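Reader: I am new to reading protein models, and I would like to understand how labels are attached to what I see. Could we go through them slowly, setting each value beside its cut-off?

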Amino acid sequence: MMFFTNWTAWAQDGLVQFEIVTPPVCVNNKGETVQFVKKLSQKAAFSAGMAKRNKKGVPTVYRFSYEKSPKAMQRFIDFHECAHHQTGDVDRPIPPQNSPLQMMNESIADCIATLRIRDEHKSGEALILDALLELKKTMSSLGFPASSFNSRKSNIINCLKKEVSAETFIYSVLKHRKLN
């Protein structure tokens, strides 16, 4: 769940197609394994991700048109959507669009994605910086003001510098929400 809707979206200019990365391991706050499901869309202009439970109640991340984004962006989307499962967002009431609570949930998911990429990938910091470049292009093409991107970038860079693991950060979020 990204931007100001229930979708995560990033642009990829041109007709370039990228190899789709293997999804990360993701376990939600209840100890359930999250499944990743690939969805193709001929009309989609952006890669997108969505975290929710499927019709059978299984925690799921839907991966839409990942072939339209480079590896760094695909990883960021996966970890961001996984974070919504890890923090219990998926099982909580959906906050109003653009509300402070929704924006906080998105900032937390961005931070967890950043920490996981930083800690779990050999070139994690470079992947984050590459994802930021893609995010900037996409947010701009979607009409977001520069201040929206700059706010997200600031949060992501601050998280990159945190001296805490994703696991510890998630634990603090769950403790604050009384979900642990």
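Author: What follows is a set of questions about labels, each answered by setting a value against a definition.

Author: This is a predicted model, in which local features need pLDDT of at least 70 and side-chain atom pairs count only at pLDDT 80 or more, while totals for chains, interfaces and linings use all residues. Residues are numbered from 1 along each chain as its sequence is written, and side-chain values use heavy atoms, with hydrogens and water left out.

Reader: Why is the pair R53 and D91 called a salt bridge?

Author: The term requires a side-chain nitrogen of Lys or Arg within 4 Å of a carboxyl oxygen of Asp or Glu. For the side chains of R53 and D91 the N to O distance is 2.6 Å, so the pair meets that rule. R53 belongs to strand β3 (residues 46-53) and D91 to the loop between α1 (71-86) and α2 (100-120), so the bridge ties together parts 38 residues apart in sequence. Helices (H or I, at least four residues) and strands (E, at least two) are here DSSP runs, numbered from the N terminus.

Reader: How many salt bridges does a search of the whole structure find, and which residues are linked in a network of them?

Author: The search finds 10 salt bridges, and K30, E32, R53 and D91 are linked in a network.

Reader: What makes R53 and D91 buried, partly exposed or exposed?

Author: Buried means under 20% relative accessible area, exposed means over 50%, and partly exposed lies in between (1.4 Å probe, protein chains only). R53 has a value of 23% and D91 has 35%, so each is called partly exposed.

Reader: Are D78 and R63, which meet in a salt bridge, buried or exposed?

Author: Their side chains meet at 2.7 Å, N to O, and the pair links distant parts of the chain, with D78 in helix α1 and R63 in strand β4 (residues 59-64), 15 residues apart. D78 has a relative accessible area of 1% and is therefore buried, and R63, at 6%, counts as buried too.

Reader: What does the salt bridge between D110 and R152 tie together?

Author: The side chains of D110 and R152 meet at 2.9 Å, N to O. D110 lies in helix α2 and R152 in helix α4 (residues 146-160), so the pair joins parts that are 42 residues apart in sequence. D110 is buried at 2%, and R152 is buried at 12%.

Reader: How do you know that R177 makes a polar contact with the side chain of D89?

Author: A polar contact is a pair of N or O atoms within 3.5 Å; within protein, one must be able to donate a hydrogen and the other to accept it, and residues adjacent in sequence count only if both atoms are side-chain atoms. The side chain of R177 makes such a contact with the side chain of D89 at 2.6 Å, and another, of 2.8 Å, joins the side chains of R177 and N105. R177 is placed in the segment after α5 (166-176), and its 16% relative accessibility makes it buried.

Reader: What makes the rings of Y62 and F64 a tilted pair?

Author: Rings of Phe, Tyr and Trp (its six-membered ring) pair if their centres lie within 6.5 Å, and planes under 30 degrees apart count as stacked, over 60 as edge-to-face and the rest as tilted. The rings of Y62 and F64 have centres 6.4 Å apart and planes at 35°, so the pair is tilted. By this rule the count is 1 aromatic pair. Y62, at 13%, counts as buried, as does F64, at 15%.
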